[in-house]
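Open the model in your viewer and keep the selection panel at hand. We will go stop by stop.

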Amino acid sequence: MQFLAFLIDGLLIGFVYGIAAMGLTLIWGVMNVINLAHGPIIALGSFGVYLLFTNIGMNPYLALVVVAVLGLLLGMLMYLIAIQRVIDAPHLSTLLATFAINMIIIGIGTAIFTTTPRTVNFSLGSISAGPITILGTRVVAALASILVTGGLYLFLYRTTLGKYVRAVANNRAAAELMGIPSRRILALSFGIGTMLAAISGSLIATFFPFTILSGGVYELKSFVIGVLGGLGNPLGALAGGLILGLLEGVIPAFVTTSWVPVFEFGLFIIILLVRPTGLFGAKK
Amino acid sequence: MNRWRNPGLWLTLIVVVLVGLFPVFTGKASTREVIFTMLLSVVLASSLNIILGYTGYVSFGHVVFFGLGGYVGLYLMSVGVSLWLAILAGGLSAAVLAFLLGKAILRLRGAYFALATIGVNEAMRAFINNFQPFGGPTGISLHFNVYQDYGGATQALWITYVLLVILTVAAILLSYVVKTSKFGLGLVAIREDEDAAEVMGVVTPNTKTWAYVLSAILPGMVGVLYYFKNGNVEPADAFRLHFSIEFLVMVMLGGFGTVTGPILGAVGYQRLRGFLLTNELFKNIQLSVAGVLLLVIILFIPGGAVGWLRKRFPVTRKVLP
C-alpha cells in the first residue's frame, strides 16, 4: 500500500514537472534556444507566491495568476534584451546568454532572499483512503497543470496567434514571407515559456520548501522530461513529466532514493542517443 | 618547422613560466595560492577550448574529467600509489572516459550534445555519490601520512605547484600544436560545416573523438593535483555543473578558438572574481556583475578579447595564435 501512495504522489508531482518542462520545450521548439535561465525563473515563481502570500495574505492560487502575468512580461523582456541579438548565432551564444541571465537572477536573488529555505504556510487538508494520504495542494496542483496544458493546447491550435507561433516554429523565413511579425511572435513564445516556468514554480511553492537555488533541480528535470517527450513537443512534455514522476515514485521501492538521479540521467542519455526525437516522435 | 617560429607562442610561454616561477623564488605562500588558481583555470580553459573553440561542440560537463581524475588519483594514493603514477592514472582515466563518451554522444550535434554533457555530469555525480569504493557521499580523504612521503605538507604543496606549472606549459603547447596541425584544421572544418568537412575527407567521428580525448587528459591530470592539495574529494564538489560553466565563460571572455584567448580569459576571469569578492559594493552580487559582463560580451563582442583584437587589428593575427 505504501507503494501505491508513492505512486500517486509521484504522478501528481509529475504534472507539475510537466508544466516546467513544457515551457522549456516550447522555447526550444519555436526558436531552437535552450533556456538555461529556466531554473531561476521557476524559483522566482515560488518566491512570487511566497511574497504575495506572506505579505498581503493573497490566496496562493490567485497569486499564481499574478505571477503568471509577471512571468510572461519578464520572459518577453528577457527575449528583447538578451536573446534577440544572438538568435541566429551558434548555439553557444544563446546558451551563454541565457546562462548570463541565470547568473544575474541567482546573484540578486541570493543577496535579497539569502539561501535559507522558505515555505508557503498554506494547506488544503488531505484526502485519506486507508493507509494512503494525498495532500490537497498536490491534487489542486495536478488539476491546475491539466488546465494550463489545455489552455496552451487551445491557444496553439485554436487561435490565430497560436497558429502564428506554430508557423514560426515550423519555418521562420517562410512565416515572415507570409506577413507574420516573427520577432514579436518569438518574444511572445519566450514569454509563454517563462510563464509556464513561473506557474510551475508557484505550484511547487504550495507543497515543497524552496530557495533561490532550488530551481536548478527542476531545470535539470525539465531537460530530462523535454528529451523524454521530444524537445519541441509541448504536449509530449506533460507525458514525460508523468513518466518522470512515476519513476521517482516507483524506484525508491526497489533501491535507495539516492539512486534515483542515476536512473533519471542514465535514461536521459540513452533516450538522447537512441531516440533524440523523444518517446513520442515529435515532429520537427 | 615554421609553426615553431611564432613569437606570440614563445612570449606567452615565457610570461606563463616567469609568472609561474615567481612564487617559487619569493617563497610566499599567498601569491602561490593566487597563481595556483589562475594556472588551474588556464589548463582547464585551454583544454576545453580544443573541443569547444576548435571543434564547436559545447561541453557543459567538462568538470567530469577534472573530478574523475581527482577521484582516481586520490583513490590510488590512499592505497599507497605514488603521486606521479596517480597523476598519470588520472589523465588516463579521463582519456578513457572521454573516448567511450565520445564514441557515444559525439554523434549528437549542437544543443543535443550540450544537453547530453549535462546529463553525463549529473549521472556521474549521482553514480559516484552511490559508489562505495569511492566513499559514497563523503568522498575520499587522504591520510596525513601520505604527505610525509613528499617531505611534509608544506613541501608537498610546493611540489604540487611546480607540477601544475609544468602541466600548464603542456596544456598551452598541446593547444597550440592541435591548432596549427592538419588535425586541428579538420576540427575547424567540422566547426564551420560538419557535412562539408566530411565530404572533404575529414573522418569526422574519429576526429571529434580524439579532440574530446585530448581535451580531457590534462583536466584529469590537474584534477589529481588539485584534490591532492585539497586532501579530500566529494561528489558535490567534484562534479559541480557551475564549475564547468565557469570554464566556458573564461573561454568566451578571452576568445574561443584561439590559443591565447583561453589563457587571457582564465586570468581575467579569476582577477575579476577576486576583485568582486573583495569589493564592498559588489561582494553580495558578484555573480550578477559577472553575469552582466558575460551578457555584454556575448551580445557585443562575441569573439572575446583576442577575437576582437584579431578582427580590429589584422596585424595581430600573425603574432596572436
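This is a predicted model: local features need pLDDT of at least 70, side-chain atom pairs count only at pLDDT 80 or more; totals for chains, interfaces and linings use all residues.

**Stop 1: along α2(A)**

Select residues 38–56 of chain A, which form helix α2. Check the length from end to end. The end C-alpha atoms are 27 Å apart, and 19 residues at 1.5 Å a residue should span 27 Å, so the two agree. Now step just past the helix to A:G57. This glycine takes a positive phi of about 65°.

**Stop 2: α2(A) against α9(A)**

The crossing is right-handed. On the α2(A) side, pick A:H38, A:G39, A:P40, A:I41, A:I42 and A:A43. They meet A:G215, A:G216, A:Y218, A:E219 and A:S222 of α9(A). Colour this contact by residue type: 5 are nonpolar, 5 polar and 1 charged.

**Stop 3: where chain A touches chain B**

Zoom out to both chains. Chain A gives 35 residues to the contact, and chain B gives 36. On chain A, select α4 (91–113), α9 (215–229) and α11 (260–274); each supplies at least two residues of the side that touches chain B. The largest share, 15 residues, comes from α4(A). By type, the chain A side divides into 29 nonpolar, 5 polar and 1 charged.

**Stop 4: a helix pair in chain B**

Select residues 29–54 of chain B for α2(B), and residues 152–180 for α7(B). Their axes come within 9 Å and cross at roughly 25°. The two helices are therefore roughly parallel to each other. Their crossing is left-handed. Residues making the contact include B:F36, B:L40, B:V43 and B:I50 of α2(B), with B:L164, B:V165, B:T168 and B:I172 among those from α7(B). The residues of this contact divide into 14 nonpolar, 5 polar and 2 charged.

**Stop 5: B:K103**

Finish on B:K103, in helix α4 (residues 83–105) of chain B. Is this lysine buried, exposed or partly exposed? With 14 other C-beta atoms within 10 Å, B:K103 is partly exposed. Then draw a distance to B:T180. The pair is 77 residues apart in sequence and 25 Å apart in space, C-alpha to C-alpha.

Note on methods:
Residues are numbered from 1 along each chain as its sequence is written. Chains are lettered from A and ligands numbered from 1 in the order in which they are written. Axes are lines fitted to C-alpha atoms, for helices over the stretch in contact, and angles run from 0 to 180 degrees between N-to-C directions. Helices (H or I, at least four residues) and strands (E, at least two) are DSSP runs, numbered from the N terminus. Angles under 35 degrees count as roughly parallel, over 145 as roughly antiparallel, 65 to 115 as roughly perpendicular and the rest as oblique. A crossing is left-handed if the near helix is turned anticlockwise from the far one by less than a right angle, and right-handed if clockwise. Two residues are in contact if their C-beta atoms, placed from the backbone, lie within 7 Å. Ala, Val, Leu, Ile, Met, Phe, Trp, Tyr, Cys and Pro count as nonpolar, Asp, Glu, Lys and Arg as charged, and the others, Gly among them, as polar. The expected span of a helix is 1.5 Å times one less than its number of residues. A residue is buried if 20 or more other C-beta atoms lie within 10 Å of its own, exposed if 12 or fewer, and partly exposed in between; C-beta atoms are placed from the backbone.
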